[in-house]
Protein chains: 2
Amino acid sequence: MHFSFEIEKKAGGSRARAGVFGTPHGQIKTPVFMPVGTQATVKAMTSRQVLETGAQIILGNTYHLYLRPGHELIREAGGLHKFMDWHKPILTDSGGFQVFSLSELRKLSEEGAAFQSHLDGSRHLFTPESVVLVQEALGTDVMMVLDECTPYPADLAYTKNSMERTHRWAERARRAWKNGRQALFGIVQGGMYPALRKQSAQAVSEMGFTGNAIGGLSVGEPKSVMYEMLDAVVDILPEEKPRYLMGVGSMDCLVEGVHRGIDMFDCVLQTRVARNGTALTRTGRLVVRNAQYARDFRPIEEGCDCYACTHHTRAYIRHLLKADEILGATLLSIHNTRATIRLMEEMRGHIAAGTFSEFRDAFWRAYKG
Amino acid sequence: MHFSFEIEKKAGGSRARAGVFGTPHGQIKTPVFMPVGTQATVKAMTSRQVLETGAQIILGNTYHLYLRPGHELIREAGGLHKFMDWHKPILTDSGGFQVFSLSELRKLSEEGAAFQSHLDGSRHLFTPESVVLVQEALGTDVMMVLDECTPYPADLAYTKNSMERTHRWAERARRAWKNGRQALFGIVQGGMYPALRKQSAQAVSEMGFTGNAIGGLSVGEPKSVMYEMLDAVVDILPEEKPRYLMGVGSMDCLVEGVHRGIDMFDCVLQTRVARNGTALTRTGRLVVRNAQYARDFRPIEEGCDCYACTHHTRAYIRHLLKADEILGATLLSIHNTRATIRLMEEMRGHIAAGTFSEFRDAFWRAYKG
């Protein structure tokens, strides 16, 4: 078997669990945060810098890589790992989300999602089968099925139809999946309707994917609604397979997601807010660009072991941001990624030590949002 | 003595020499190329990445740092070394060149250079004395005197008047220089007039600076004219002090400068062309952005030991450039800086081995420009 998932320890008073997800490019200790490398690069960082943040797996975007440089070019390069010099596991999404958020003039049909490229207007069709083939060309460890990320808000009828098509697409993707060296994850949809979410979790679980993802959350709904949706599905998703909450990565949501039994997370937040001059810390956001930090010679976050915090001050990073220097984005991307991964590492340690609930309480006492 | 300069070896059939320039932040093996860190960062690189290129000394820009974040803030931070986490030597220019190339509404008088900030239009005056004070606040190892970088072309009368004022300013700077832990270099001007250049070299040499720089070259004149100006002054500048050719750093000019007895160089070329998608190599420029490299899975330069060449392909870096990813600029900046420093290291080795002339001949056979 190229893939395995073992639960080492479950937390008391919580659904949180510490596991190990085995893949052809190595083992991943869960719960895990996956930095996003949309275009074959985690933005503003070298792959060595990403490795130094403690990242165990990164995410690539099928939609972007398919359009540029093209999956066939990446296949020629020896696959995405070699192309971008990242030799630990990689997960690729199916491109579904980007078709809905980035492309022009998309048109959904039973066959798939037709769209025009946001780069040059060229016309393309993603089908459940074609996105498996694209991800096979990329050679990534974990592939995702094509789904429709239901818009928010959406009425019950739309959400139900969308979910049912997503299930039919998932089944087609599963049948197209031939390569045992690449895992395939299904995706639960169902909008903000607990009954649909449960139905979706049941349907996707029964298809027998390597792992199960929860999509269509963090799309504008209140966090309490997101947590409600997680509570609705987690117990239906098989215990013995990894659970992945897509596109969610703020520190509070990570703590609550782990508490609810999620094993994997990804988010662009870390690198996106970095480029806007904002640091993520255990107490909330620090807008390093602000004038109040001009003469603040402390690190971004006391106690942080990242390259930025062990070498540079808020005053220096603020100067870089004000002067539009690339290094400002790089240093904040390093900090935000490492700070997030450090949170995951600590949560895993507390699950193993049986102190996760106390950790979660302490987190919420410190966190100001 | 905080500063020393020893010549270890002179090349045969050439003015090239291998030396060691001792400073409070360590020894510099010359000839040396100094990467430019205009705004307290060598653009797109961390200080660790700069260190890994083999850089022994970097350059900071007094004009930029004075305006933003301000030299007093950098003094409070513990000096420029600490502010930017660079613990090897730093040289700062006097700001003269930037006043002429960047600022608005500059007005020269005997007193100094009045100008308006290119950032916010605020009014400032640089005098020979004030720029020494600013550089003392920055705490750099090597300070430069305020000079006028004579425009090109300029007639004899303008050039002579400008040069003579530069000499008077140099003398005032020398008198303002109190701190033995910071070296001060004079600057030879004289436009494209060999007689003025000789006169300037004589005058500046007699003032007794720690080292002597040649300014006002590579400002638009043909390279043959630049070499003629170097030939005019080098033998007048004291043998036992470092000679610094300001703002020059293309590979061909480095070889010819070293051949003419220059010990120190700086240039923005390496990082500037990197951000435009161009690599510097021993055979000339490689426009990595070009379509011909889309499927070229070789490193930028065969045999290069830089991080980019040992980890990535032309195809990958081209993809990053086309996708406007910051990492493309970072990787090319690393390559261009390392490739230039490797050239300097090789030249030093050939001077020591007595084979510099053969190296120079071989360089010119390979170099296509």
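**Notebook: helices, chain contact and backbone exceptions**

I began with helix α9 (residues 223–233) of chain B, where I found Met226(B), Met229(B), Leu230(B), Ala232(B) and Val233(B) buried; by buried I mean that 20 or more other C-beta atoms lie within 10 Å of a residue's own, by exposed 12 or fewer, and by partly exposed anything in between, with C-beta atoms placed from the backbone. These residues cover an arc of only 160° around the axis, so they lie on the same side of α9(B), the arc being that of the directions from the helix axis to the C-beta atoms. An α-helix has 3.6 residues a turn, so residues three or four places apart point the same way. Among what covers the buried residues of α9(B), I noted β11 (183–188), α8 (194–206), β12 (211–214) and α10 (251–259) of chain B.

I note for all entries that this is a predicted model, in which local features need pLDDT of at least 70 and side-chain atom pairs count only at pLDDT 80 or more, while totals for chains, interfaces and linings use all residues. Residues are numbered from 1 along each chain as its sequence is written, and chains are lettered from A and ligands numbered from 1 in the order in which they are written. Helices (H or I, at least four residues) and strands (E, at least two) are DSSP runs, numbered from the N terminus.

**Contact between the chains**

I then looked up the contact between the chains, and found 31 residues of chain A in contact with 31 residues of chain B, where contact means that the C-beta atoms of two residues, placed from the backbone, lie within 7 Å. On the side of chain A that touches chain B, at least two residues each come from α3 (71–76), α4 (80–84), α13 (314–322) and α14 (326–353) of chain A, and α13(A) gives the most, with five residues. By class, the residues of that side of chain A are 16 nonpolar, eight polar and seven charged, with Ala, Val, Leu, Ile, Met, Phe, Trp, Tyr, Cys and Pro counted as nonpolar, Asp, Glu, Lys and Arg as charged, and the others, Gly among them, as polar.

After α13(B) comes Asp324(B), with a positive phi near 55°.

The axes of α13(A) and α14(A) are 7 Å apart and the helices pack at an angle of about 130°, so they are oblique to each other; angles under 35 degrees count as roughly parallel, over 145 as roughly antiparallel, 65 to 115 as roughly perpendicular and the rest as oblique. Ile317(A), Leu320(A) and Leu321(A) in α13(A) meet Leu327(A), Gly328(A), Leu331(A) and Leu332(A) in α14(A), a contact of six nonpolar, one polar and no charged residues.

The axes of helix α10 (residues 251–259) of chain A and α14(A) come within 11 Å and cross at roughly 25°, which means that α10(A) is roughly parallel to α14(A). Here Met251(A), Leu254(A), Val255(A) and Val258(A) in α10(A) meet Thr340(A), Leu343(A), Met344(A) and Met347(A) in α14(A), and the contact has seven nonpolar, one polar and no charged residues.

**Backbone exceptions**

Most residues other than glycine have a negative phi, and most peptide bonds are trans. I therefore listed Ala44(B), with a positive phi near 75°, in the loop between β4 and α1 (47–52) of chain B, and buried, because 24 C-beta neighbours lie inside 10 Å. Ser218(A) has a positive phi near 60°, lies in the loop between β12 (211–214) and α9 (223–233) of chain A, and is partly exposed, with 18 other C-beta atoms within 10 Å.

I also recorded a cis peptide bond between Thr30(B) and Pro31(B), with omega about 0°, Pro31(B) being in the loop between β3 (26–30) and β4 (32–35) of chain B. The peptide bond from Arg68(B) to Pro69(B) is cis as well, with omega near 10°, and Pro69(B) is in the loop between α2 (62–67) and α3 (71–76) of chain B.

Methods:
Axes are lines fitted to C-alpha atoms, for helices over the stretch in contact, and angles run from 0 to 180 degrees between N-to-C directions.
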